[in-house]
Amino acid sequence: LALSEFQNSSTPTDNYSTIELTFFCSGLSTVYEKEEEFAVVGSNLLTTLTTLGKEWRITFDFKPTDYDHNNWTSLIHLTINGNNETYGDRTPAIFFRQDLGMHVSSAINGNPTYSVDLNQPPPVGEWTTIVMSQAKSTDGEFVFKTEINGMESFTTVNVQAKEFSSVKVYASDPYYTAQPGLIRNLVIMTV
């Protein structure tokens, strides 16, 4: 991976500045982008990607309005066709539940729903930058990573990284209640 961009940005409504270091894989290009702010609603199909390669990066800002639901809520879900039955049905996805916090799930190591619970969900009423990526490391391994506001929150090697076709991008999906909140600056990149 090579450092290709250094950006210092400040949003007038925020009380802080964000310094973002962005690392790109060779050949990574934008396949979907939606800068404008939009509400997360159920069964909201944003686009269908022709291909999501073995290397990809998804980044967006999320502003939750509440976590008042007792069951699972869906924020963003990339899927080849279903909820969690087939390898690629979550590639990746983010859910929330009051007792677990933020739940990140993806097709990793042959498990269609490899998941990790990040106990601290983004604060209600505040914009949080979420980045999920899968990239080939210098030693040839594919590494899945989740970052929250520039801080790495989870990393694992994916020995069964796979390219997927006809990937639907939902915010949120048709399988769970929509997570109340807003998304902006959604960018999906792949090789």
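View 1. F95 is buried, with 1% relative accessibility, where buried means under 20% relative accessible area, exposed over 50% and partly exposed in between (1.4 Å probe, protein chains only). The model is predicted: local features need pLDDT of at least 70, side-chain atom pairs count only at pLDDT 80 or more, and totals for chains, interfaces and linings use all residues. Residues are numbered from 1 along each chain as its sequence is written, and side-chain values use heavy atoms, with hydrogens and water left out. W72 is partly exposed at 22% relative accessibility.

**View 2. Edge-to-face pair of W56 and F144.** The structure holds eight aromatic pairs; rings of Phe, Tyr and Trp (its six-membered ring) pair if their centres lie within 6.5 Å, and planes under 30 degrees apart count as stacked, over 60 as edge-to-face and the rest as tilted. In the edge-to-face pair of W56 and F144, the centres are 5.9 Å apart and the planes lie at 65°. W56 belongs to strand β6 (residues 56-64) and F144 to strand β12 (residues 142-148), so the pair ties together parts 88 residues apart in sequence. Strands are DSSP runs (E, at least two residues), numbered from the N terminus. W56 is buried at 3% relative accessibility, and F144 is buried at 1%.

**View 3. Ring cluster.** Ring pairs join W56, Y114, F144 and F154 in a cluster.

**View 4. Charges over rings.** The charged end of R184 sits over the ring of W127, 3.9 Å from its centre. That of K34 sits over the ring of F38, at 4.5 Å from the centre. The criterion is NZ of Lys or CZ of Arg within 6 Å of the ring centre and within 35 degrees of the ring normal.

Technical notes
Helix = DSSP H or I, 4+ residues; strand = E, 2+ residues; numbered from the N terminus.
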